[in-house]
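Visitor: I'd like to learn how to read ring contacts in a model like this one. Could you walk me through it?

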Amino acid sequence: MSYLDNFHHQITGNPDGHKLVFLHGLMGSLANWRRIVPAFEADHEVLVFDQRGHGRSFKPTKGYHPRDYAQDLQKILDDLGWQRVVLVGHSMGGRNALEFSSYFAQRVMALVLEDIAPEASSQSVANIERLLDLVPTPFSTREQVRDFFAQEYPDRIAFYPRAQVVARFLASNIELKDNGFYDWRFAKTAILQSLREGRKEDRWDNLRNLKMPVLIVRGAQSSDLTHETYKKMLTVLPTACGVEIPDSGHWVHFDQPEVFIQTLKDFLTCLPSSVY
């Protein structure tokens, strides 16, 4: 059994092309990239996978520091024989990508950070804990799931930006279990550990010390990565490229998939030949 067997994953695209890895955000899965991946398959071999504790991958009881996620990726790449990759991470996936790029820099040709700040945030942890605690899992029927997330839940989370979008996202993370009840697809304990471990310390030094080409993408309406923090990131790492995408929030690749795709393609096209 290889280490990769612990993970629900998909590998598509051109085996002769450069290697491209997408890391989803908290409570996400490889399916989050389904509108993005096809645009890169002609020129790249693409890996997407459910990270530990998420989706259909293994769910250990502990080990949810960004370094644990980074070590997972390192072992996966070893299994595949992929020496260097272009790494794209959204939200928690961006934090894990930053961690990987700090500890395994020689394996990263280029790094794309989508709407993630390197600063600690206890308030973000509290907000997401509250989002989950307000969902009365398990549910008895699919109809209960549908009605709760469509009618009741958006009012419960009116304190959170884009409540309707959040409600639809969380509803997509409820599945039928073997016991006949509907419950979270991810491991809730893993999500909470990931939150606390990922947000308890700043990672400005990780960003400052990066040597590979870096693209920082921000949704112009994002409250997760403010404009001020975005500008600070570009000041801390002046060699990085930065793009703010209009009419998008935290889920840039969902809100503006075509613009996100073109932004990423433009970045890859401009990479020095010595790197890419």
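Visitor: What sits over the ring of Trp204?

Guide: A charge sits over a ring if NZ of Lys or CZ of Arg is within 6 Å of the ring centre and within 35 degrees of the ring normal. Here the charged end of Lys232 does that to Trp204, 4.3 Å from the ring centre. Lys75 also lies over a ring face, that of Tyr3, at 4.9 Å from the centre. Keep in mind that the model is predicted: local features need pLDDT of at least 70, side-chain atom pairs count only at pLDDT 80 or more, and totals for chains, interfaces and linings use all residues. Residues are numbered from 1 along each chain as its sequence is written, and side-chain values use heavy atoms, with hydrogens and water left out.

Visitor: And how many aromatic pairs are there?

Guide: A pair of aromatic rings is described by the distance of the centres and the angle of the planes. Rings of Phe, Tyr and Trp (its six-membered ring) pair if their centres lie within 6.5 Å; planes under 30 degrees apart count as stacked, over 60 as edge-to-face and the rest as tilted. That rule gives 16 aromatic pairs. One of them is Phe22 with Trp33, tilted, at 4.8 Å centre to centre and 40° between the planes.

Visitor: Is Trp33 buried or exposed?

Guide: Buried means under 20% relative accessible area, exposed over 50%, partly exposed in between (1.4 Å probe, protein chains only). Trp33 is buried at 1%. Its ring also pairs with Phe260: the centres are 6.5 Å apart and the planes at 35°, so this pair is tilted.
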